[in-house]
Amino acid sequence: MVDFSTILAGFGDAFSLFNLAFVLFGVILGQFVGAVPGIGPIMAMAIAIPFTFGLDPLPAIAFLVGVNKGGLVGGAVPAVLMNTPGTPDAAATAMDGYPLAKQGKPLKATKMALFSSVTGDTFSDIVLITVSAPLAILALKMGPIEVAALMIFAFSILAGLIGNSIAKGVISAAFGLLAASIGQDPENFTPRLIFGYWDLFDGLALPSVAIGMLAISEILHRLSEAHGNMRPAIVAKDTGNPDDRRVTWAEYWSCRYTMLRGASIGTVLGALPGIGSTAAAFMSYAMTKAGSKDPKSFGKGNIQGIAASESANSAVVGANLIPLLTLGIPGSVGAALIISAFMIHGMQPGPLLFENQGRLVYGLFGAMIMANFVNLWVGQLGLRLWVRVVSAPESIIFSSALLLCFVGVSMATSGLFGVAIMLIFAVIGYLMASFGYSLVIFIIAFFLGPRFEKSIAQSLALTNGDLTQVLKSPVALALLVLSVVSVVWFLRKNTEGEDE
Amino acid sequence: MNTLSDRISGLFFMVMGLAMYFWINPNYIETVEGGNLSPNTLPNIISIILAIAGAFVAIKPTTHRLRNPVLMAKTGLYVALLTAGIWAMSWVGFEFVAPVLALAIMWLIGERRPLWLGLGVVAMPALIWFLVTQLLGRALP
């Protein structure tokens with residue numbers, strides 16, 4: 001148990017102007033880079049790590065935490081303003097953020113994203129600081145059987161996103177899973193559906209698929225609608241009502257349960273290695289929509305949708321550090337980069353970290369809290385700037401966005417092959433949207449597919465193919481029952497929504 | 001008439017599912033002896049689901065309205081342009097192709113104002129070059 005003086009000393013170390021400057025620089029960089037489709041905070045962190053070599057551990061880690069947190073806020077900006085998510089986890093934010101921006105309220109939409117992102121992030125940080133150790137032990141008890149059951153539960157949430165045709169929703173999910181099965185088989189490591197292209201052996205890269213389907217396909221649609229009359233990409237209407245440019249306290253407070261649910265989902269999923277913020281954002285969105293008295297308003301600019309998505313995906317960041325700090329297991333690529341930064345700076349994450357380097361750990365917690373406030377402050381200023389940027393003519397916005405996507409995906413996938421895949425999926429996404437198939441369901445299924453198959457294979461290996469072993473795990477059993485209940489509940493909600 | 005788009009897409013997915021199950025999966029998935037989960041198990045299950053759901057959409061279509069075919073054809077033009085851009089990048093690099101690609105896209109949209117054309121064709125590619133190669137120290141495609 002860390003004594004109180006160590007905690008105070010750690011926080012005292014963090015709250016200095018020197019560290020604040022590094023957090024500020026990290027947040028500015030993260031928000032800027034996160035807003036560029038394809039680049040995102042992970043790549044920014046990967047690039048930034050070498051620049052921290054000459055720094056002391058605390059400012060170095062504070063800087064990286066700032067980049068990571070800033071990137072999540074930045075990712076929501078193009079999602080809301082242009083329907084082109086900067087990061088895959090911001091795709092759920094676009095579902096209501098973009099319609100609200102199109103109604104002439106881009107600042108309201110981006111501010112709601114910012115406030116709910118910071119709220120979710122702060123919630124998970126508080127959980128991390130207070131109950132990280134017991135949560136990590138709980139997470140460690142999740143074996144492959146429980147993880148497989150959790151994946152089935154995550155898939156069941158997809159039912160909440162199915163619109164007026166169950167068959168079309170099933171096709172979107174199956175098609176996403178099929179795309180996910182391209183590459184090496186997770187159990188036997190043999191090539192699958194690569195058609196001789198060995199670049200596909202590691203599977204289709206998520207940035208190529210997500211940015212192609214969600215961002216480029218939307219840009220293609222918008223380009224085809226342009227008729228030579230140069231409009232701004234987003235029109236910020238001046239209705240004379242200041243409430244259209246801000247989020248009132250009443251609006252923020254009305255989303256408190258949505259944000260609490262989103263932050264809880266994000267924290268729980270973030271504590272489990274490998275699930276990630278994209279799944280958390282969509283799960284939270286689907287649950288909020290299904291639990292709403294007015295589900296039809298979702299997808300049309302409902303601020304609850306923005307709050308649900310942003311609070312969940314941002315909560316994952318803090319929670320990812322729970323298994324990292326307590327067990328030495330990184331929960332995501334971002335956390336894996338942070339663990340490498342820790343080790344470069346002489347920290348050894350794991351059960352003894354709190355005992356051996358408690359002061360530094362609490363310094364990190366202090367930096368995280370600082371980063372949340374800085375994120376809020378920088379975001380308030382940065383969002384105004386971004387809204388001005390996308391008020392430029394769509395000719396320059398879309399041509400620039402396309403070039404940035406090319407460069408971003410090329411950097412993320414190490415070459416033009418990834419860009420070509422992005423274009424193929426842009427066409428697939430455009431056609432799917434034209435024929436009324438859900439791109440969001442496709443992307444979630446694509447994201448969850450490899451994790452699902454791997455956990456099934458591990459479960460079968462562990463139980464020697466005896467699936468009745470699942471009945472011996474109360475957690476897995478509870479999750480499976482919950483999956484059936486949620487599918488029935490979501491489908492009934494959808495049917496009721498159609499009948500009204 | 002409104003049901004036509006669903007019938008077409010439903011039939012497409014049905015045929016795709018069947019083609020995957022009977023031809024593509026057996027020929028393009030390497031199977032191995034032993035193991036708990038064969039490499040073709042998941043793709044085969046998905047293919048069957050695709051075929052069944054596709055048939056269902058074709059038989060019981062919704063009244064989804066397809067996007068305007070003229071706009072879809074116009075999109076095809078942009079896709080062809082981007083494909084040519086990627087191909088050209090593989091030969092001469094981003095630095096030379098990006099300004100031309102940006103000009104072509106802006107021109108096709110209908111932009112004719114010199115200031116905005118200058119910003120899109122010269123300033124933006126230069127900014128990307130500076131950001132990626134000078135600030136981030138990475139190579140452009």
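Mentor: Happy to! One term comes before anything else: helices here are DSSP runs of at least four residues, numbered from the N terminus. With that in hand, chain B reads α-α-α-α-α along its sequence, with 5 helices and 0 strands. Keep in mind that this is a predicted model.

Now look at the overall form. The C-alpha trace of chain B spans about 55 × 50 × 25 Å along its principal axes. Its radius of gyration is 23 Å, while a compact globule of 141 residues would have one near 14 Å. Of the 141 residues in chain B, 33% are buried. If you take the contacts in chain B between residues at least 6 apart in sequence, 59% of them join residues at least 24 apart.

Next, zoom in on one pair of helices. Helix H1 of chain B covers residues 4-28 and helix H2 of chain B covers residues 41-59; their axes come within 7 Å and cross at roughly 155 degrees. Angles over 145 degrees count as roughly antiparallel, so H1(B) is roughly antiparallel to H2(B). The crossing of H1(B) and H2(B) is left-handed. Where H1(B) meets H2(B), the residues of the contact are 16 nonpolar, 7 polar and 2 charged.

Finally, chain B has a partner: 54 residues of chain B are in contact with 57 residues of chain A. On the chain A side, H17(A) gives the most, with 12 residues. By class, that side of chain A has 35 nonpolar, 16 polar and 6 charged residues.

Definitions and conventions: Residues numbered from 1 in each chain as written. Chains lettered and ligands numbered in written order. Predicted model: local features only at pLDDT ≥ 70, side-chain atom pairs only at ≥ 80, totals over all residues. Contact = placed C-beta atoms within 7 Å. Helix = DSSP H or I, 4+ residues; strand = E, 2+ residues; numbered from the N terminus. Nonpolar A, V, L, I, M, F, W, Y, C, P; charged D, E, K, R; others polar. Axes fitted to C-alpha atoms, helices over the stretch in contact; angles between N-to-C directions. Parallel < 35°, antiparallel > 145°, perpendicular 65-115°, else oblique. Left-handed = near helix turned anticlockwise from the far one by under 90°. Rg over C-alpha atoms; globule rule 2.2 N^0.38 Å. Buried ≥ 20, exposed ≤ 12 C-beta atoms within 10 Å, placed from the backbone.
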